[in-house]
Amino acid sequence: MKAIQINTSVNLTSGLSIPSGSVCVIAEGYADVKSQKDGIIPAQIATFVFASVQALAEGKAPIQGIEDFNTTFSGLELSVADYETKSAEVLLITAVFNALDSIYPSQVEQIAI
């Protein structure tokens with residue numbers, strides 16, 4: 001299983017913070033294939049964020065009360081070529097990774113769990 005590790009603390013407007021080392025995993029994804037245009041498929045991906053790899057491995061609940069982190073990524077774009085050639089896991093993880101990397105440059109990494 002692949003996940004995205006966030007290697008920086010994220011202070012939220014709610015006053016909560018997501019600790020460095022937190023892990024973002026895919027809960028579900030939706031690609032609107034019928035709305036494909038110019039080789040791009042619009043997508044929405046819901047995620048869970050865990051405090052650490054260990055918390056995920058131990059079956060602990062995802063971090064709660066972090067709505068302003070926006071664990072649902074909407075408005076993502078998947079290329080038709082990638083959609084036709086890559087596994088769903090790789091496709092979805094890469095899309096969320098790219099979205100997070102644009103917000104936290106060089107502070108996220110894809111990991112295998």
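I shall speak about the overall fold, then the nonpolar cores, and finally a few individual residues.

First, the basis of what I say. This is a predicted model, in which local features need pLDDT of at least 70 and side-chain atom pairs count only at pLDDT 80 or more, whereas totals for chains, interfaces and linings use all residues. Residues are numbered from 1 along each chain as its sequence is written, and side-chain values use heavy atoms, with hydrogens and water left out.

Let me turn to the fold. The protein has 3 helices and 7 strands; here helices (H or I, at least four residues) and strands (E, at least two) are DSSP runs, numbered from the N terminus. Read from the N terminus, their order is β-β-β-β-β-α-β-α-α-β. The C-alpha trace spans about 40 × 30 × 25 Å along its principal axes. A compact globule of 113 residues would have a radius of gyration near 13 Å, and the 14 Å of this protein agrees with that; the radius is taken over C-alpha atoms, and the globule rule is 2.2 Å times the number of residues to the power 0.38.

Of the contacts between residues at least 6 apart in sequence, 60% join residues at least 24 apart, where contact means heavy atoms within 4.5 Å. Buried residues account for 35% of the 113. By buried I mean under 20% relative accessible area, by exposed over 50%, and by partly exposed in between, with a 1.4 Å probe and protein chains only.

Now, the interior. In soluble globular proteins, nonpolar side chains tend to be buried together. A nonpolar core is a set of buried Ala, Val, Leu, Ile, Met, Phe, Trp, Tyr and Cys residues joined through side-chain atoms within 4.5 Å. The largest such core here has 26 residues, and among those with the most contacts inside it are Ile 4, Phe 69 and Leu 100. Two or more residues come from each of strand S1 (2–6), strand S5 (40–50), strand S6 (72–79) and helix H3 (88–103). Which element gives the largest share of this core? That is H3, with 8 residues. Apart from this core lies another, of 6 residues, including Ala 3, Phe 50, Leu 56 and Ile 111.

Ile 4 illustrates the packing. Leaving out residues up to four places away in sequence, Ile 4 touches, among others, Val 23, Ile 93, Val 96, Phe 97 and Val 108.

I come next to two residues in loops. Most residues other than glycine have a negative phi. Asp 38, however, has a positive phi near 55 degrees. Asp 38 sits in the loop between strand S4 (22–31) and S5, and counts as exposed because its relative accessibility is 71%. Ser 106 likewise has a positive phi, of about 60 degrees. Its place is the loop between H3 and strand S7 (108–112), and at 66% relative accessibility Ser 106 counts as exposed.

Finally, two serines. Ser 20 is found in the loop between strand S3 (17–18) and S4. Is Ser 20 exposed, partly exposed or buried? At 41% relative accessibility, Ser 20 counts as partly exposed. Beyond four places in sequence, Ser 20 touches Ile 6, Asn 7, Thr 8 and Ser 9. The C-alpha atoms of Ser 74 and Ser 20 are separated by 24 Å.

Thank you for your attention.
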